[in-house]
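Biologist: Before we talk, please put the model on the screen, so that I can follow each answer with the sequence beside it.

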Amino acid sequence: MNLVGEFHKVEINGKPYLTYFFKKRIKKKKIPYLIFNNPRYPVLQPHSPNSSDQENSSDEANSSDQENSSDEANSSDQENSSDEANSSEQEKSSDESNSADEEATDSDDDLPLEPLFLCPSVRIQETSGSHETLFFDRWRVRTEGFSMFTTSPLFDNDSYGHHVFPLFWCNNKEAGPQGECSACSFQTPGTDYYFCVACDKRYHKECVESPVEIYYPCHLKHPLKLYLSEDRSNQYCLLCRGKADIMVYHCSRSDVYMHVVCAQKTIPIFIDHPKRHDHTLTLFPRQASLTCNICGLINKLHLTYVCRSICDFVAHSDCIFIPQTIRISRHHHRISFVSSLPLGGWSCGVCRREVDCDYGAYTCDVCRGYAVHTRCALRYDVWDGIELEGIPEEEDEDVDPFEMVADQVILYFSHGHPLSFETSRIFDENKLCQACALPIYEGHFYDCLECDFILHEACASAPRKKIYPLHPHPLKLETVHPQGFFYCRVCGRRSNGFFYRCSNGDCDYQVDLRCAMVSEPFNYHGHRHPLFLALDPKEKAMCNLCKSTSSYDRKVLNCLECDYIICFECATLPYKAMYKHHKDYLTFSHGNEVSESDWCELCEGQVAVGGNKEGFYKCNSCGVTLHVDCLLGEDPYLKPGVTIKPAGTEVWFRILRNISSSRPVCTTCTDRCQYRIYFQNEANVYCSLLCIIY
């Protein structure tokens with residue numbers, strides 16, 4: 001039988017709460033209890049419904065032994081001195097006592113015990129079988145799993161797999177170092193656990209008992225379904241704003257996600273939080289169109305609390321406990337929450353829209369006129385989740401990427417030889433910047449005096465530590481990746497040049513140097529207005545050039561004055577490039593500027609094939625056109641001469657230049673390698689990473 005979860009009003013310590021219950025009562029089964037022996041927590045002794053009876057029976061047995069060991073003479077005197085009336089009364093009371101004991105024993109046997117629950121790993125394995133491999137885009141192949149659970153959490157004789165045992169300890173106010181659940185990988189203080197003997201793992205009580213659907217108080221029109229989510233992006237819990245992964249509750253209609261643990265937490269009817277409001281806040285009985293005084297929005301997906309005193313204060317459940325002082329990725333100073341703003345025109349520093357001065361917002365004490373919407377400031381890609389109130393501010397130490405050792409000669413931090421300042425005069429396609437992997441087309445660069453190490457002037461000046469607007473944690477500049485290459489989390493491209501890695505050890509965020517150098521406002525040569533990072537990550541925005549849609553690793557820039565949108569992949573391509581068989585520069589052009597008469601100079605194919613009008617390179621003087629891939633290659637940010645190890649393989653491949661007169665034949669697709677680089681492992685040749693994977 002499947003369980004359905006819902007909330008009911010109960011009293012805990014004299015205060016009303018909404019508490020999660022199973023919707024359907026089930027016949028419970030007997031279950032043994034396991035005791036978890038953790039030195040951090042006092043251990044409770046096993047307890048069963050008959051334990052008190054056993055103690056009583058033990059006491060009676062001891063008392064009986066003592067009575068039996070009494071002196072025979074005294075016993076004989078007592079028996080002789082008793083009269084018949086007392087004897088009959090003792091017999092009557094004895095019969096009543098025995099009858100009561102029998103009734104108590106029968107009652108104890110009928111007591112309902114805890115049901116058996118299926119191990120979450122079994123449910124996950126059964127659900128993961130329906131996952132599919134999706135071609136994310138032309139840069140990579142990704143596996144995105146999002147499947148609905150259909151298996152009940154209850155374990156019976158017909159269930160496949162094994163069940164779990166409950167764990168008990170006295171104090172679980174704080175999650176221990178081993179308190180991580182193997183089903184959701186989410187540390188949650190204040191929850192009970194189950195233990196699986198077969199898997200030797202522990203699980204949250206909420207994860208083990210999670211029904212396939214649940215009705216949440218602010219989402220009663222349709223239930224939240226239980227899903228298995230793996231390698232999906234932009235999924236964050238509605239209640240705690242944390243990343244929602246593995247076992248999650250989801251509603252496809254309202255696009256809502258909840259952690260299994262968060263969805264089953266007890267909801268208070270009254271909240272006292274003097275820091276946010278002086279009076280007691282009461283849970284509003286229905287979701288109405290009430291504007292929150294803290295965030296200034298109407299959001300029916302959150303529980304709403306109101307002040308029933310003399311004021312008209314309204315707050316969402318997740319807005320009541322917001323932090324007072326934080327640091328965001330869009331500003332260099334700390335910002336603090338204020339309940340209202342002075343009169344005037346205020347613009348949000350994140351979404352660039354107007355901020356209503358009658359509602360709460362975050363402001364900077366250093367920069368006058370800087371404000372951010374409450375919910376914009378607390379976005380997962382803007383705020384790092386750390387409350388800074390009461391914590392002294394530390395000055396960030398800037399470390400220069402190079403040292404000036406002589407006039408126009410520098411010593412770069414990752415290179416042991418001096419670099420000389422030069423100006424580009426003659427194009428050489430074999431001269432590549434080691435930082436961004438692009439050729440030296442024009443402008444200034446640094447050239448090593450002893451080897452072929454070259455850096456663009458702008459690339460050499462990139463800071464070693466950086467606050468990046470698209471990531472909440474500070475980034476650190478790295479020059480070599482352990483796998484030889486990586487995928488940029490902003491444009492989705494493969495690169496083996498320099499990159500920025502998140503300084504937080506638990507975060508795997510990494511971005512290539514070209515994307516990391518983008519800042520607001522961004523002046524793009526192909527558009528007359530400045531561009532900003534003003535769109536919410538949840539918005540599916542389409543690039544005006546390549547027509548791709550923004551996603552997990554394909555971010556976009558947008559114009560505030562018109563509807564122009566460009567993705568980072570197109571925005572960071574060199575606006576001007578050189579072709580070795582052409583003397584003039586080629587300019588990156590929009591797809592809508594191509595005509596059916598335009599043909600690629602290199603592959604001799606139509607630039608707009610089948611109506612697909614992506615960006616391309618064109619000479620404004622003579623009209624020569626080339627595909628982006630034909631001019632720069634399918635992987636323009638992979639340098640030759642580097643060894644890489646693709647994910648899913650244990651073999652290293654070397655990247656080589658494709659400069660021979662007879663191009664090598666790919667081992668997988670049997671076509672000749674047409675781009676500027678190819679991959680080789682011993683005698684095997686591959687034209688792309690996709691051919692290596694397959």
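Biologist: Which residue meets Glu-520 in a salt bridge at 3.2 Å, N to O?

Modeller: This is a predicted model, in which local features need pLDDT of at least 70 and side-chain atom pairs count only at pLDDT 80 or more, while totals for chains, interfaces and linings use all residues. Residues are numbered from 1 along each chain as its sequence is written, and side-chain values use heavy atoms, with hydrogens and water left out. A salt bridge here is a side-chain nitrogen of Lys or Arg within 4 Å of a carboxyl oxygen of Asp or Glu, and at 3.2 Å, N to O, the side chain that meets Glu-520 in this way is that of Arg-352.

Biologist: How many residues apart in sequence are the parts that the pair of Glu-520 and Arg-352 ties together?

Modeller: Helices (H or I, at least four residues) and strands (E, at least two) are DSSP runs, numbered from the N terminus. Glu-520 lies in the loop between H9 and E33, whereas Arg-352 lies in the loop between strand E19 (335–338) and strand E20 (361–364), so the pair ties together parts whose separation in sequence is 168 residues.

Biologist: Which residues are linked with Glu-520 in a network of salt bridges?

Modeller: Side chains of opposite charge can pair when their charged atoms come close. In the network of salt bridges that includes Glu-520, the linked residues are Arg-330 and Arg-352.

Biologist: Is Arg-352 buried or exposed, or does it fall in between?

Modeller: Buried means under 20% relative accessible area, exposed means over 50%, and partly exposed is in between, with a 1.4 Å probe and protein chains only. Glu-520, at 22% relative accessibility, counts as partly exposed. Arg-352 has a relative accessibility of 29%, so this residue counts as partly exposed.

Biologist: What is the omega of the peptide bond from Glu-520 to Pro-521?

Modeller: Pro-521 lies in the loop between helix H9 (513–516) and strand E33 (531–532). The peptide bond that leads from Glu-520 to Pro-521 is cis, with omega near -15°.

Biologist: How many salt bridges does the structure hold?

Modeller: Besides the pair already discussed, Arg-375 and Asp-318 meet through their side chains in a salt bridge (3.0 Å, N to O). Arg-375 lies in helix H7 and Asp-318 in the loop between strand E17 (314–316) and strand E18 (325–326), so this pair ties together parts 57 residues apart in sequence, and both of these residues are buried. For the structure, the number of salt bridges is 13.

Biologist: Which residue pairs with Asp-635 in a salt bridge?

Modeller: Asp-635 is in the loop between helix H11 (628–632) and strand E40 (643–644), and its partner, 141 residues apart, is in strand E30 (residues 494–495). Asp-635 counts as buried because its relative accessibility is 5%, and Arg-494 counts as buried because its value is 2%. The side chains meet at 2.9 Å, N to O, and the partner of Asp-635 is Arg-494.

Biologist: What is the phi of Asp-255, and where is this residue found?

Modeller: Asp-255 is found in the loop between strand E11 (246–251) and strand E12 (256–259). At 45% relative accessibility, Asp-255 counts as partly exposed. Although Asp-255 is not a glycine, its phi is positive, at about 55°.

Biologist: Is Glu-682, which has a positive phi of about 55°, buried or exposed?

Modeller: Glu-682 is not a glycine either, and its place is the loop between strand E42 (677–681) and strand E43 (684–686). Its relative accessibility is 70%, so Glu-682 counts as exposed.

Biologist: Where is Val-208, and how far is its C-alpha atom from that of Ser-121?

Modeller: Val-208 is in helix H5 (residues 205–208) and, at 0% relative accessibility, counts as buried. Val-208 and Ser-121 are 87 residues apart along the chain, and their C-alpha atoms are separated by 9.5 Å.

Biologist: How far apart in space are Glu-614 and Val-628, C-alpha to C-alpha?

Modeller: Glu-614 is placed in the loop between strand E37 (586–589) and strand E38 (616–618), and its relative accessible area of 38% makes it partly exposed. Glu-614 and Val-628 are 14 residues apart in sequence, and their C-alpha to C-alpha distance is 9.0 Å.
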